[in-house]
Amino acid sequence: ARLRAAGLEVPAVLVTPERLSRGKPDPEGYLLAARELGFEPADCVVFEDAPAGVDAGRAAGMHVVGITTTHDPAELDAHELAPSVAAWLARRVADG
């Protein structure tokens, strides 16, 4: 309802806390999303701004990009860091 109220399309795969038995830092949510999207965890990228989320992405076997908007970068044990998702995508496009 909130997505529709904001004028956003409801995605085909939506993992919500109600669908999980364990929250972050457990990888259950990321693994469920990968499975429902039809991807292997190693082929997924996680964007996270909190240590528990970074830990969950790593535990799921995914590539984790730490977004440095809410925590000190030193707190994010991510594979790489970026100031925003947009900045990370722009860098990927520039790198080819």
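**Contacts, core and charged pairs**

Me: Not counting residues up to four places away in sequence, which residues does Phe39 touch?
Reply: The model is a predicted one. In it, Phe39 belongs to the loop between H2 and S1, and Phe39 counts as partly exposed at 47% relative accessibility. With residues up to four places away in sequence left out, the residues that Phe39 touches are Ala34 and Cys44.

Me: How far apart are the C-alpha atoms of Phe39 and Ala60?
Reply: Along the chain, Phe39 and Ala60 are 21 residues apart. The separation of their C-alpha atoms is 12 Å.

Me: Which residues of H2 are buried, and what is included in their cover?
Reply: The buried residues of H2 are Glu28, Gly29, Tyr30, Leu32, Ala33 and Ala34. The elements that cover these residues of H2 include S1 and H3.

Me: Which residue with a positive phi follows H2?
Reply: After H2 comes a residue whose phi is near 85°. That residue is Gly38.

Me: How many residues make up the largest nonpolar core?
Reply: Among the members of this core are Tyr30, Ala34, Cys44, Val46, Val54 and Val64. Helix H2 (28–37) and helix H3 (51–59) each supply at least two of the core residues. In soluble globular proteins, nonpolar side chains tend to be buried together. The largest nonpolar core here has eleven residues in all.

Me: Leaving aside neighbours within four places in sequence, which residues are in contact with Val64?
Reply: Val64 is one of the residues of the largest nonpolar core. Beyond its neighbours within four places in sequence, Val64 is in contact with Val46, Val54, Gly57, Arg58, Ala78, His79 and Glu80.

Me: Is the pair of Phe47 and Trp88 stacked or edge-to-face?
Reply: A search of the whole structure finds one aromatic pair. The ring centres of Phe47 and Trp88 are 5.0 Å apart, and a pair requires centres within 6.5 Å. Their planes stand at 75°, and because an angle over 60 degrees is the criterion, the pair is edge-to-face.

Me: How many residues apart in sequence are the parts that Phe47 and Trp88 tie together?
Reply: Phe47 is in strand S1 (residues 45–48), while Trp88 is in helix H4 (residues 85–95). Phe47 is partly exposed at a relative accessible area of 31%, whereas Trp88 counts as buried at 7%. The parts tied together by the pair are 41 residues apart in sequence.

Me: Which residues make the nonpolar surface patch of about 290 Å²?
Reply: S1 and H4 each supply at least two residues of this patch. The residues that make the patch are Val45, Phe47, Val85 and Leu89.

Me: What is the N to O distance in the salt bridge of Glu36 and Arg19?
Reply: The count of salt bridges comes to five. Glu36 lies in helix H2 and Arg19 in the loop between helix H1 (2–5) and H2, so the pair ties together parts 17 residues apart in sequence. Glu36 is partly exposed at 36% relative accessibility, and Arg19 is partly exposed at 37%. The side chains of Glu36 and Arg19 meet with an N to O distance of 2.3 Å.

Key
Residues are numbered from 1 along each chain as its sequence is written. This is a predicted model: local features need pLDDT of at least 70, side-chain atom pairs count only at pLDDT 80 or more; totals for chains, interfaces and linings use all residues. Side-chain values use heavy atoms; hydrogens and water are left out. Rings of Phe, Tyr and Trp (its six-membered ring) pair if their centres lie within 6.5 Å; planes under 30 degrees apart count as stacked, over 60 as edge-to-face and the rest as tilted. Helices (H or I, at least four residues) and strands (E, at least two) are DSSP runs, numbered from the N terminus. Buried means under 20% relative accessible area, exposed over 50%, partly exposed in between (1.4 Å probe, protein chains only). Patches are made of residues with over 30% relative accessible area and no salt bridge: like charges are joined within 9 Å, nonpolar side chains (Val, Leu, Ile, Met, Phe, Trp, Tyr) within 5 Å. Accessible areas come from the Shrake-Rupley method with a 1.4 Å probe; for residues, only the protein chains shown count as cover. A salt bridge is a side-chain nitrogen of Lys or Arg within 4 Å of a carboxyl oxygen of Asp or Glu. A nonpolar core is a set of buried Ala, Val, Leu, Ile, Met, Phe, Trp, Tyr and Cys residues joined through side-chain atoms within 4.5 Å. Contact means heavy atoms within 4.5 Å.
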